[in-house]
Amino acid sequence: MAKGKDVRLRVILECTACVRNGANKSKRSMGISRYITQKNRQNTPNRLELRKFCRYCYKHTIHGEIKK
């Protein structure tokens, strides 16, 4: 039994503050914080944004969904 399209997708969330500030230019930041999570395609068709802890900024920031 083959399924058509999966309802749940794996998505990558990336810190928007690190990307905006240029993570490589900052002395304090050594990289860009990323999380892997799942989302339901039917319930959330738009891009996902969650507040997560960024270990490079040392605070809670908005992490947005990026393309793979």
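## Contacts and surface

Of the contacts in the chain (heavy atoms within 4.5 Å) between residues at least 6 apart in sequence, 53% join residues at least 24 apart. The model is predicted: local features need pLDDT of at least 70 and side-chain atom pairs count only at pLDDT 80 or more, while totals for chains, interfaces and linings use all residues. Residues are numbered from 1 along each chain as its sequence is written, and side-chain values use heavy atoms, with hydrogens and water left out.

The chain has 68 residues, and 29% of them are buried, that is, under 20% relative accessible area with a 1.4 Å probe, protein chains only. Its accessible surface is about 5600 Å², with 50% belonging to carbon and sulfur atoms; areas come from the Shrake-Rupley method with a 1.4 Å probe.

## Order of elements

The chain contains one helix and four strands. Both are DSSP runs numbered from the N terminus: helices are H or I with at least four residues, strands E with at least two. Read from the N terminus, the order is β-α-β-β-β.

## The sheet

The four strands make an open, antiparallel sheet ordered β2-β1-β4-β3. On average, neighbouring strands are turned by 45° against each other, direction ignored, with axes fitted as lines to C-alpha atoms.

Strand β1 (residues 8–15) runs antiparallel to β2, and seven bridges join the two. Opposite Leu-9 stands Lys-39 in β2.

Terms used. Pairing = 2+ DSSP bridges. Axes fitted to C-alpha atoms, helices over the stretch in contact; angles between N-to-C directions. Buried < 20%, exposed > 50% of the residue type's maximum accessible area, 1.4 Å probe, protein only.
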